[in-house]
Amino acid sequence: MIVSKFGGTSVGSAKNIKKVIDIISYKDKKTIVIVSALGGITNLLIDVSNLAKNGNNIYIQTLNEIRKRHIETIELLFNNENPKYTIDFVTEKIDLLKDILNSVFILNDLSDKSLSKIVGTGEILSSFIISEAMKFNGLNAILKDSRSLIKTNSNFINATVDFKSTYKNIDNFFAKDDHNIIVLPGFISSDKNNETTTLGRGGSDYTAAIYANELNAEILEIWTDVSGMFTANPKLVSQAKPIKEISYQEAMELSHFGAKVIYPPTILPALDKEIPIVIKNTWIPDDEGTLIHKGKSIKKSAVKGISHIDNIALLTLEGNGMVGVPGISKRLFEALAFNNINVNFITQASSEHSICLAIDLEKAKNAKEAIDKQFEFEIFQKKIEPLIVETNLSIIALVGDNMKSHQGISGKMFSELGNNNVNIRAIAQGSTEKNISAVIAKKDVKKALNSLHSVFFENQIKRINLFIVGVGNVGGKLLDQIKQQQSFLLNKLHIDIRVIALANSKKMVFIEDGIPLLKWKDELNTNGTKADLDQFYKKTKQLNLRNSVFVDNTANYDVPEQYAKYLKDSVAVVACNKIACSSEIENYKNLKYLARKYNAPFLFETNVGAGLPIIDTLNNLVASGDEVTEIQAVLSGSLNFIFNKFDNDSSFYEVVKQAGIEGYTEPDPRIDLSGVDVMRKILILARESGIDMELADIKNNSFLPQSSLDADSVADFMETLKKEKGHFKRLRKAAEKEGCRLKYVAEYKNGKAKVGLQHIAKDHPFYNLEGKDNIVLFYTNRYKEQPLIIKGAGAGADVTASGIFGDIIRTGNK
């Protein structure tokens, strides 16, 4: 014998009911079918009750909608082939319901007895309609009213079952019945006076479990709208996977913490007989679903699922007067029990100075009044503080029978939450170690669930969510590289990179599931809103995604002012923009401090040398205990390109113009030619070496004539390069006369730094530096005579983008 229960969504329409009939028609064993009310009807019946009670005559209109919904369902089920008998039944029950509601309306009073009759009507109607539809489709089915079998006390809304008489009634009925299919309404029952009672939350599941118990069913099927229980809520965690099998205890724990497929107390009768329970999907009946059974599951994974409860209030009772005093906990829980307040979570300090409880938010006000009253005398004497109530919280829980045999589960859980800036308010773990629970801010639930799911269920795949500002030359190349390497990173490094947001100077666009990189320009131009740096930050914070990285591909002065806000929210910052790291030393130090405090990487490898590993190498030297004594470097790929191309055949103006066209200089070439850009780079290297230095401390021996330095605009500046043609020619000739080449060199030594144009002899490492290459010579305590040399392309969109990309990947390996 099989017991099959179909919930409201499974019988929510004629189309759905036909699915149910099709599923039952393939059963080759006697089947007990338990049905809920049509989807949404129970809520409508509660609404109509409250409308009548409050004297709002709209209840009649709502009641007519309920009638209409059922009649339309009947007509579709029976193809309009004379369903009069069924429609008459619905009309009769709705008329009886109307009489009850009219009385409620006149008296402005809604008793539990009346409410149970009203809300139970949904199951009475659905079970009748479904049984008749089964007969219409040729099935050997019969309807039996559960009220004649399941007997309870007279607590009408949440009745307690009288199992002795109930099981006797079930035995008597089924001993005589020979139908293949028996349809019974769930949720409803009756007392000794045959008055309708209801079984409370999860009542239809409870009904099914009661029948399964007494009839020794082979299996209890729970048919719903999902393919079983999942490793996490699939609405919040897109990577959630169905759980093939799970123990009773694991299922109870997951369900207690928010997995709504089953309601734990209602399946206890099935557990008593160790009857397997399977959760199946009505829409996809061939899916395997989840099997819930006795004992531990075959798969020995430590964590079976992650669940959560929203809308939690955390109550804290604390005070010196609690220490060593017997009976405090007893009085606390009695106060809650007396007010019918259920406790979801408990933790107590070993010092006995405080007790923390988590309850449903809607009960928080009543709980505070009850507990403060219970400890009124101690509060007056200041031995105990008034109850502290914290709101906007949720509980998350790891669940698994095998967690106790695996070391480090808790550490892994809390480390991952900490890495993603999820603050934990309270922690609880039972001695059985079947679940580890934590109270966190409600706003962090999605991030927490996804982070934990990634760690425990996704083969250590780490998702990095990018928020990119600047999609010009460098930014565009970066997006191309990400698109090209996405598959490689996922398969080889287990890093899943998604671009969530893009912004240029005019527009910004956010897509939480990731911007398709094949058409990012269309998304930005078509769906983008007006660009606003503050709004960009607020939207990033609101999404609150795990492993978020803010990427600055600009040379803008305003963007770096946002870095501190991102770091404080544990959002990593990757920047090719040199403004922040070359700003005032206090700002530089603060950003580094925030990165450490909030465990958010602040990476800027491309500030010096584009994609060359200059800063990373310097950091490794310092971290290993070496001390940098001197730095010599050619740090401007732009200037190196310009002076390498500057010869007898080209004027200085022409070479600078060519460098701009090829993307080697900034849009404003004064930044490069003034030496300010190189000053910033040597400043950053000095600071990363551990030296406190400001930009103003660096000596700049400019090679530009005064007229160029005084130019007010880019156009005026370029004109001065034409007019000062002779000045630049003399610079070149002077170097050639000595057999040297012109190189713009940055130097740091003995706590001082300078930049300027130098004559480089043939035997110097800088002499043969070609094109746009950079070179850095690090002299340290370990590299005294022969410096550590880093050399390579130091300018260009491709290599700069690759450096940024490398920093992004580095955030994934933090």
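Reader: Is arginine 498 buried, partly exposed or exposed?

Author: This is a predicted model, in which local features need pLDDT of at least 70, side-chain atom pairs count only at pLDDT 80 or more, and totals for chains, interfaces and linings use all residues. Residues are numbered from 1 along each chain as its sequence is written, and side-chain values use heavy atoms, with hydrogens and water left out. Buried means under 20% relative accessible area, exposed over 50%, and partly exposed in between (1.4 Å probe, protein chains only). Because its relative accessible area is 22%, arginine 498 is partly exposed.

Reader: Which residue does arginine 498 meet in a salt bridge?

Author: A salt bridge is a side-chain nitrogen of Lys or Arg within 4 Å of a carboxyl oxygen of Asp or Glu. The N to O distance here is 3.5 Å.

Reader: How many residues apart in sequence are the parts tied together by lysine 592 and glutamate 688?

Author: The side chains of lysine 592 and glutamate 688 form a salt bridge at 3.1 Å, N to O. Lysine 592 belongs to helix α19 (residues 585-597) and glutamate 688 to helix α24 (residues 676-688), so the separation of the parts is 96 residues.

Reader: Is glutamate 688 buried or exposed?

Author: Lysine 592 is partly exposed, with a relative accessible area of 23%. For glutamate 688 the relative accessibility is 8%, so this residue counts as buried.

Notes: Helices (H or I, at least four residues) and strands (E, at least two) are DSSP runs, numbered from the N terminus.
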